[in-house]
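Student: I am new to this structure. Please show me how to read it, one feature at a time.

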Amino acid sequence: MTDRADEQVRLHRRWLEGDATGARADFSGQDLSGHFFGAADLRGALFRHANLARCVFVGATLRDADLFRADLSGADLSYADLQGAEVRGARLAGAVMRSTILRGVSLRRGLRLRPDGGPAEEIRQDLSGAILDGADLRGVDASAVNLARASLRHARLEDAEFPNADLSGANLTGADLRHCDLAGADLRDVDLTHAEVTGAVFDNASLVNAVLTGVNMALALISPEQLRGLALDTAAPDPEEAARRIDEMLASHERWLRDGSGSRANLDGQRLSGLDLRGRDLRGVSLRHAVLRDSRLAAAQLQRADLADADLSGADLSDCDLRGANLSRANLTDAVLSRANLGPARLRSARDGGTAEAVPTNLTDAVLYRVRIDDAVLDSVITNWPGGLRLPGESS
């Protein structure tokens with residue numbers, strides 16, 4: 001089956017190129033579990049009712065593909081493009097979909113008529129336990145979808161529709177939920193730490209035991225009764241006052257680095273989008289969970305900085321010194337890392353006679369979709385790329 005499937009992929013590529021010797025790939029009903037498709041161009045391919053469990057589609061193009069009722073449980077679809085794909089009734093439980101593009105895809109429940117004339121069967125989308133960190137779900141229609149225990153860290157969910165969805169126990173840390181419809185959704189035990197909820201609709205949604213650290217629920221459409229008993233961050237700081245306070249903290253940090261007179265800056269969870277920090281000395285700064293979308297950080301010194309779970313999407317980090325920085329689980333979608341130094345930081349310890357210690361840059365579980373890394377230094381970086389992806393310069 002493996003050789004036959006690979007041959008179908010080759011013929012499909014010819015078909016897409018308009019070659020008369022090619023043929024549209026039709027995998028409908030086939031058992032392809034565990035097959036490696038890699039970054040294949042499978043636009044318009046047919047996978048109806050196919051068994052694709054544990055298949056690898058990392059970086060694949062699946063635009064307009066027909067995946068109706070396909071079994072994709074445990075499949076790796078990281079960095080794949082599924083725009084326009086038909087995924088109704090597909091099983092995606094436990095699938096890995098880091099930075100997958102699902103923009104505009106319909107994940108809503110549907111009905112299937114039974115051939116014996118019996119009552120119609122409801123088809124509910126199952127993405128329970130799926131990993132969708134950094135995925136693009138803008139405008140997705142996902143009525144009643146099952147995303148229980150799914151990971152959606154830093155996912156883009158603007159204008160998406162999730163009425164009556166099951167998001168219980170899901171991780172939405174740093175997710176963008178602006179104008180997202182969550183009416184009637186099950187959000188029990190959900191983690192919304194530092195999520196953006198401006199204009200999001202929470203009518204009749206259950207938020208029992210929800211984690212709302214760093215979330216301004218005053219910007220969402222929600223009733224006071226729903227918020228009763230929850231720990232909230234409702235204060236909306238004055239933008240000018242916030243900018244002044246942050247500048248003071250950074251100036252103190254630079255004095256701390258220079259002569260020890262200031263103090264180390266802790267900007268965990270701060271919203272710093274669009275900030276101009278070009279050339280600033282930010283060595284050792286703590287920016288965990290900070291939102292730095294579209295920030296200008298060119299030529300900044302960020303050695304040993306803690307940027308775990310930070311949102312750096314669209315940020316300019318060109319010529320940055322990031323040696324030894326912690327970027328685990330950070331969102332670097334569309335970020336520019338041209339000529340950046342992500343090699344190990346070398347420290348000397350007084351305890352062992354000055355022996356140099358190499359502290360590698362940590363990019364474990366970082367979202368690096370469409371990141372620009374031309375001429376970047378990437379020696380000894382800690383990574384775990386899905387599907388075996390490697391960055392240029394990374395050792396095998």
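Tutor: Start with helix α1, residues 2-16. It has 15 residues and reaches 21 Å from its first C-alpha to its last, close to the 21 Å expected at 1.5 Å a residue. The expected span is 1.5 Å times one less than the number of residues. Helices (H or I, at least four residues) and strands (E, at least two) are DSSP runs, numbered from the N terminus.

Student: What kind of model is this, and how are residues numbered?

Tutor: This is a predicted model: local features need pLDDT of at least 70, side-chain atom pairs count only at pLDDT 80 or more, and totals for chains, interfaces and linings use all residues. Residues are numbered from 1 along each chain as its sequence is written, and side-chain values use heavy atoms, with hydrogens and water left out.

Student: Which residues of α1 are buried?

Tutor: Buried means under 20% relative accessible area, exposed over 50%, partly exposed in between (1.4 Å probe, protein chains only). In α1, the buried residues are A5, Q8, V9 and H12. Seen down the axis of α1, they fall within an arc of 100 degrees, so they line one face of the helix. That arc is taken from the directions from the helix axis to the C-beta atoms. D3 and R4, on the other side of α1, are exposed. Just after α1, G18 takes a positive phi of about 85 degrees.

Student: Is D81, in a loop, buried or exposed?

Tutor: D81 lies between α1 and β1 (110-112). It is buried, with a relative accessible area of 11%. Its side chain reaches the backbone nitrogen of Q83 at 3.1 Å.

Student: And D294: buried or exposed?

Tutor: D294 sits in the loop between α3 (239-259) and β3 (345-348). At 52% relative accessibility, D294 counts as exposed. D294 and L317 are 23 residues apart in sequence and 9.9 Å apart in space, C-alpha to C-alpha.

Student: What volume does the second largest pocket have?

Tutor: A pocket is an open set of points on a 1 Å grid over the protein atoms alone, where a 1.4 Å probe fits, with protein on both sides within 12 Å along at least five of seven lines; lining residues have an atom within 4 Å of a point. The second largest pocket has a volume of about 300 Å³. Of its 23 lining residues, R156, S313, N331, T333 and D334 are the closest to its centre.

Conventions. Grid points are joined across faces, edges and corners, and a volume is the space filled by probe spheres set on the points. A polar contact is a pair of N or O atoms within 3.5 Å; within protein, one must be able to donate a hydrogen and the other to accept it, and residues adjacent in sequence count only if both atoms are side-chain atoms.
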